[in-house]
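Here's a quick tour of a protein model, written for someone who likes to see the cut-offs next to the numbers. Have the viewer open as you read.

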Amino acid sequence: MMMTYFLTQIALALSAQFSFLDFDPHADYRTIQTTHFYIHYDAPSEEQAQRLAARAEFIYERITKKFSYKPFAKTHLVLVDNTDESNGLATPLPYNTIYLMAPPPTDDSSLDSYDDWLTTLLTHEFTHTVHIDRVEGMGRIPRYILGRLWVPNAVQQQWAIEGLAEWNETTETKGGRGRSPFVQMYLRTASLEDKFVSIDRATYWHDQWPYGNAAYWYGIGFHQFLANRYGEEKLFEITKATSATLAPGFFNFSTNDVFGKSFTRLWEEWKLEEFQKVQAMKKAHASRTQVKDLRLGKNTTLLGTPVADERGEFLYAPLEREEKKGVWKISLQGNNPIEKVAMVGTPSRVTYAKGKLYYSRITPDTPHKTFSDLYAYDLEAKKQWTLTRGMRLRDAVSDGEWVYAIRLKNYRTSLVRFRLPREPQEWQKTFPLRSAEKLETLLEAPNYDVLFKPHLSPDGKYLTFTWKEQNGFLDIYEMNLATKAIQRITYDAEEDRSPTYSADGSKIFFSSARKLGSLDVKVPNIYVFDRGSKTLTQMTDFLTGAYWPTTINSTTVALGQFHADGFELKLLDVKSAPMSPVTSFQAAPSGAVPVTKNPENTQQLPSSDYGVGNTLLPRFVLPFFFYTEHDSAVGLQTASADPLQRHQYLAYAYHLFTPQRPGGGLIYSYSGLHPVDISLAGSAGIANFGRIHAPASTTDLYPFYYERTYNGTLTLGTNPTWDGKRTDLTLSASFFFERREPLTSYPAGTIAGEGSVTFTRTGETFTNVKFSPEAGNAYGGLLNIQYGSKVPMAPEAITPGAGYMAHWTTEYVPTGKFKNLSTWANAKYFLGFSRSHGFATQAGGGLQFFKPHYLRTFQLGGSFGESLLTSVGRRSFALRGLPTSHLDGEGFVSGSLEYRFALVRTLPGFGTAPLWLKNLHAAVFTDGGQAFQWKHGYNYVEVLTRDLPEKFSWKRFTWTAGAELRSNISVLYAPPITFRLGYGHVLYLKGRNVVSDNEKQIYFQIGTSF
């Protein structure tokens, strides 16, 4: 069982990573082949794909030589340009594939430390491929048996996987997160404030920023420590040692052989070294900066640049507060310090002009594209305007007449603007803009340079912004809007970002990572450039760091001061700021503009139409088994998909032990016919209909009755769109055929089939009794309709937050023997009223018409869990406190109400053991329901056992109540799954008050309750 669970966890951890990718089936994808790569790309990305091809083989040779290992077969590279997110993903399943979301990152991201984004990104992701693909020594035996499913280096703590890739991106390029002042700021502050996480907590699975980045930031810091203290060769030795283990997940066993001590001890050494460093810094540098705390409350983090209104009375800031992200209005004077303005996601910057807020955010543009667009929020009317659609604009700023923004197109950036309507009534006619014809291009960055964060001068005559050159330099520039002339403000190798003008326009504030005093460390702080004297002055001297200066008025600047739990919004009095002239600063020569190198001249490689090639061949075998109290089976399954996930299949085979019979099936889906997805499924299996009673005796139980079943299903699914965007509605229709043949004979004397039989038992008369299951053919259809808001349904959530989900299913079988019409629905509603508390409720009901089933259509009882590892029959519904399927009938109604609350949000860990307890939370609940007879007769089993379904009555409900302890647990470093330990007690059973202590249940389940 452990091996099956272990392998399943690996598959889930790897496949879940790219579930968000969604490729347009109508796009013209092409493929370039190099010696070691297939490069797949959308035709408009031809130039970037050729650049990628020119770099790929060089990166391959460098990394494989370093690791002394070459991956098996070619690696698939997929260049993704359907999102404005900047990221990458490498997976070894079902074959080595790397997805590159190649739009350049924003300038307030830790990803921004790079010289050439595409090179840094591919270096990072291909390091993952070489690291995870590697199998040495005894590890080759299970690789030979299980195929690509055996990836021992994938079963490591995330700091180990991500830290190694970040270390290599830093050593192989002139950028990398190992040089990032942002990452150094995070680690330094964690030591300063005694919030340095333990080795078990350096994972992805944190709820709150910035701890969700722990795997990356602690990972690079730890690997740099190991390389500096013990030598770079040790990093390659440990990857080789762990790849040869037969106990993946326990990779600490290999550490003593390589380092002479455990990772846990090494982590503590690093922690001590970091602590000593920051204590020396603290002793050498005492900050003189005095700031005002706005007292926004606990669990509040600044997420980007705020903005003040024209009078400096209110500040509008993108905040995360109690896990609720959006723009918040902060009173700078008065008794109402903070209130929600609009939940608009997480814009990295907010600007204000004439009663409206302007911002950008990434939202779905079409069913297959997620782009950054501009929005305006009318503060008086409390209305949001969508200004652009599909234009890929970000970093909006406005003066009420024009909107300025940065545009991304084919991986290139430009500074653009468009005019706002003069009359309010024209807004409805003008927006959203859908064509670039309305845009005026002010500046197009040469080659692949990147522009960021424009800001207008108070008189509206100048625009300042950040420019990142291909060499990695990040400097401040200014444009004269009348002449379009560009002047470089800063002219050095420091990272300068987020410029903003002073209230009178004579100065430019910005954040810059420069050496702090006598310390040999670059710390982001706030600086001010005097436009007249061309001098630079340091305004803050925090040892932690500061970003996002914002002018409030002539004397006050707002900023984000970094702390271990995130950025805190502060106010700085300019007059009392510890001004320190930057003597090393040299102003840029008049008229200086960047001199960037042209993209390297590469030989154009031939391309071909995209094809799946051999990607659908089986690459792994996953053993599985299942058991119930009556049956058990073992089996194998395999699966694959092409790189664009247009074709996917799952094949399986098993052997059921009780009847000693095999079974198997194949599921294939095709997503290349948008808006309709197609799925075909076929299987040959075994159905267990339970024990059969013979009429000769009311006590004789005969062996289980089994039937061989043959099934075929065609499913058509769609997610309808409205105004070019996907809606919250999902529709699917299935058409199926089933043949049932007796696998075991009826016991002697059993009355087969059904009939209108009347007989009496202990004074009761029964008619229209169904005696036993039947064999034969059945065909029919199934219709599913699902609708709901964007409820975060992550299983580890204490409460998913506000939202709802409704699901309705109808099944119709028109054939004679199995004629049936069943319909049922279920609805869920979630209300989170704080970070750690919330209510969750659900309700459902269903009816079955026409012929009765041998086993009733709907079952109530048990404590089913919903997760990736669990599967519940579509007509079975939980009712905690009762045994599984304790109540059944031709109709049902049920409901649940839960109060969910956190007990401990962060539990102590277990070092490097492959077990991560994320939290501990609880719920108190009440479940209620009734299964009832609708209009048909009894079945013979019910007559003999006296367990008869009853007519519907409000007085015959079953009610239970109980409580659960829950923990979100990551086993083998896979995504956390909810485990529940619960107690349910029956209060009323079929309307009767329960006084017996036997009507209770203690259970342990995988998966959240609903």
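## Ground rules

This is a predicted model, so to speak of local features takes pLDDT of at least 70 and side-chain atom pairs count only at pLDDT 80 or more, while totals for chains, interfaces and linings use all residues. Residues are numbered from 1 along each chain as its sequence is written, and side-chain values use heavy atoms, with hydrogens and water left out.

Helices (H or I, at least four residues) and strands (E, at least two) are DSSP runs, numbered from the N terminus. Buried means under 20% relative accessible area, exposed means over 50%, and partly exposed is in between (1.4 Å probe, protein chains only).

In soluble globular proteins, nonpolar side chains tend to be buried together.

What does Tyr 218 touch? Leaving aside residues up to four places away in sequence, its contacts (heavy atoms within 4.5 Å) include Tyr 186, Leu 187, Lys 195, Trp 267 and Trp 270.

## H7 and its neighbours

Two packed helices are described by the angle between their axes and the distance between the axes. Axes here are lines fitted to C-alpha atoms, for helices over the stretch in contact, and angles run from 0 to 180 degrees between N-to-C directions. H7 and helix H8 (residues 233-243) pack at about 115 degrees, with their axes 8 Å apart. That makes H7 roughly perpendicular to H8 (the label for 65 to 115 degrees; under 35 is roughly parallel, over 145 roughly antiparallel, and the rest oblique). On the H7 side, His 223, Leu 226, Ala 227 and Tyr 230 meet Glu 233, Lys 234 and Leu 235 of H8.

Helix H6 (residues 181-192) also packs on H7: the axes come within 10 Å and cross at roughly 85 degrees, which makes H6 roughly perpendicular to H7. The residues that meet include Tyr 186 and Leu 187 in H6, and Trp 217 and Tyr 218 in H7.

The 22 residues of helix H2 (residues 46-67) should span 32 Å, and the end C-alpha atoms are 31 Å apart, which agrees. The expected span is 1.5 Å times one less than the number of residues. H2 has a kink of about 30 degrees centred on Arg 55; the bend is the angle between axes fitted to the seven residues ending there and the seven starting there. Helix H5 (residues 158-172) is mostly covered, with 14 of its 15 residues buried.

Most residues other than glycine have a negative phi, and most peptide bonds are trans. Ser 68, which follows H2, has a positive phi near 55 degrees. Arg 295 also has a phi near 55 degrees and is exposed, at 69% relative accessible area. Lys 453 has a phi near 40 degrees, sits in strand E20 (residues 450-456) and is buried, at 1%.
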